[in-house]
Amino acid sequence: MNSHSPDPAATRSAPRESLATLLDRWAVEQGDHPALTHLDHSRDPGGVATTLTWRELDAMAAAVAARVEHQTDRGDRVAVLVDQSPAYVAAFLGVLRARRIAVPLFPPGSPHDRRLAAILGDCAPALVLTTSRLVDDVERFRRDTGSGGAALVVVDTLRPRRGHPLPEPPHAEEIAYLQYTSGSTRTPAGVVLTHGNVLANARQAADCYGVERGRTVNVSWLPLFHDMGLMLAVATPVLRGTRAVLMDPTAFLERPTRWLQALSANPGAITAAPSFAYSYAAGRCSPEERSLLRLDDVVTLVDGSEQVSLANIDRFHDTFGPCGLRREAHRPSYGLAEATVLVTASRAGTAPRARTFDARTLADGHAVAAVGVASSTLVACGRPVDQHVRIVDPRTHRPLADGRVGEIWVSGPNVGVGYWGRPKESRRTFGLTLDAPGDPLAAGWEGRGWLRTGDLGVVVDGDLFVTGRIKDMIVIDGRNHYPQDIELTVELAHPAVRRHSVAAFAVPCDEGERLVVVAERARDERTWSAPTSDVVAAARSAVSAAHGVSVHDMWLLEPGQTPRTSSGKISRAASRLQYLAHARRSAAS
């Protein structure tokens, strides 16, 4: 699976280029043109727009760079604890301009404070960047968690520096930033990404999704500390000199219509969201609000970050199709932080494609058309974007034929170099070699080896279908089950089960592994009177009929109680840990 193979010559053509040098270029070439518009809904529900020109953004980044250079040494990490705002973009780009290692993070005060403290302990920053609004919270958090020690710089009090000379550009192999993954069962791992990685993936994404100066606008509410949020709102706009429109994730969650209004108000919009967000937006936009939307000029809707759902796509386009939205704008994609972000995407100008496979055969490693009750409908995530992808047997490292399920391996100029401070884990994940004698790509792109993703997938008719995570596979009585299939069955079993809020996992018992399901109640008042016993009985019956497996135990929680990752996805691992901890306490009492 090698379509759009990367061009090594193109990757080496500008080895001393970076996002900082590109920002400097646009400040000169189109200094008074708008670079970044921030829609602030915290001051006004309708959103207050603040726009920075390229010259203004460059001056802010230069001010940050000057302070960072003065207070740190080459190789130091600089943590960005800033809210979703132009100050975040300037802080991140300023660190890159200073040729220090940026660590894009988030301010304290969320359910993920323990994760934030763990990251700060892992990367040991020499400097922390924040804003005047957050400085007291950051100081308090550092005292309470013992994660102080680094100097603190309040970036929005720095005086912009116009005409400040650009430092010598970095080499492509220099580290640009650490992208921390959203794992919940260990100290989060920081993926080491070089300036070359970032520019390579920015070019791949810009070419793939149609980012074009003078024609498109990147619109994003994704968190800037998240890999796709950083690529969409910072990297590709700075690469191509296009405008970005930035919203806060909370503004989207409070009123998803705001996202659609921003797409409508910015012709040529390119945006991205995880699969659940498309269904969420469709269910919370009134007919009156939809009547004011014009979505015929939306260029690209990237759908990734979690397994893509055909039901969510259908609901979104059924809802907003009358607003002019083209189904062909929807671009199911696959990626991960270890590859900067983007790996595969559906082809431009084609509507999303899906196939329904026999679920039991798929779990056993073969993709065949569904013939019975147990089926799994998967959306095609397209083909590699200027990189290489193989489906590999994770035990033997041998490539598998099309139609066989295996681990997804990736190789290309966008793949990171390892995990920060984790040499053993890096060797297990990065730079691997295929057991494929005679294959010119056995050692990967330019001999740099292969990244093993931990994700399972299958290639059918040239398209990649992602089937799940290796670590999430549920094995009961010797049979494999994909948790997302069981979760969807539970969601549909009873109207009192909240959509996109179910976690299925296996726990050890005396007889072996057993299936446990954790789900939230729906917010719909009409379902509140449904007895828990009825909901659980419906879920047990549906899972047994569809998957031939018994639910050992099921928790039905109140809305918002299921653990999620920092990017908003349900965390099966954290749900499992929570369940096991409760079981131990119950056994001890």
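The following legends describe an overall view and several close-up views of a predicted model.

**Figure 1. Overall architecture of the protein.** The fold comprises 18 helices and 27 strands. The C-alpha trace extends over about 70 × 60 × 55 Å along its principal axes. A compact globule of 589 residues would have a radius of gyration near 25 Å, and the value of 24 Å for the protein therefore agrees with that expectation. Of the 589 residues, 58% are buried. Among contacts with a separation of 6 or more, 70% join residues 24 or more positions apart.

**Figure 2. Packing of helices α2 and α4.** Helix α2 spans residues 19–29 and helix α4 spans residues 86–97; their axes lie 8 Å apart and form an angle of about 110°. The two helices, α2 and α4, are therefore roughly perpendicular to each other. On the α2 side the contact is formed by L19, A20, L23 and D24, which meet F92, L93, L96 and R97 of α4. Classified by type, this contact contains 6 nonpolar and 2 charged residues, with no polar residues.

**Figure 3. An open sheet of 4 strands.** The strands follow the order β18-β19-β21-β22 and pair in the antiparallel sense. The edge positions are held by β18 (388–392) and β22 (463–469); each has a single partner strand, so one side of each lacks a neighbour in the sheet. From one strand to the next, the twist averages 50°.

**Figure 4. Pairing of strands β21 and β22.** Strand β21, residues 451–460, pairs with β22 through 6 bridges in the antiparallel sense. In this view, D455 is found opposite R469 of β22. In general, strands of a sheet pair through backbone hydrogen bonds.

Key:
Residues numbered from 1 in each chain as written. Predicted model: local features only at pLDDT ≥ 70, side-chain atom pairs only at ≥ 80, totals over all residues. Heavy atoms only, no water. Pairing = 2+ DSSP bridges. Axes fitted to C-alpha atoms, helices over the stretch in contact; angles between N-to-C directions. Parallel < 35°, antiparallel > 145°, perpendicular 65-115°, else oblique. Contact = heavy atoms within 4.5 Å. Nonpolar A, V, L, I, M, F, W, Y, C, P; charged D, E, K, R; others polar. Rg over C-alpha atoms; globule rule 2.2 N^0.38 Å. Buried < 20%, exposed > 50% of the residue type's maximum accessible area, 1.4 Å probe, protein only.
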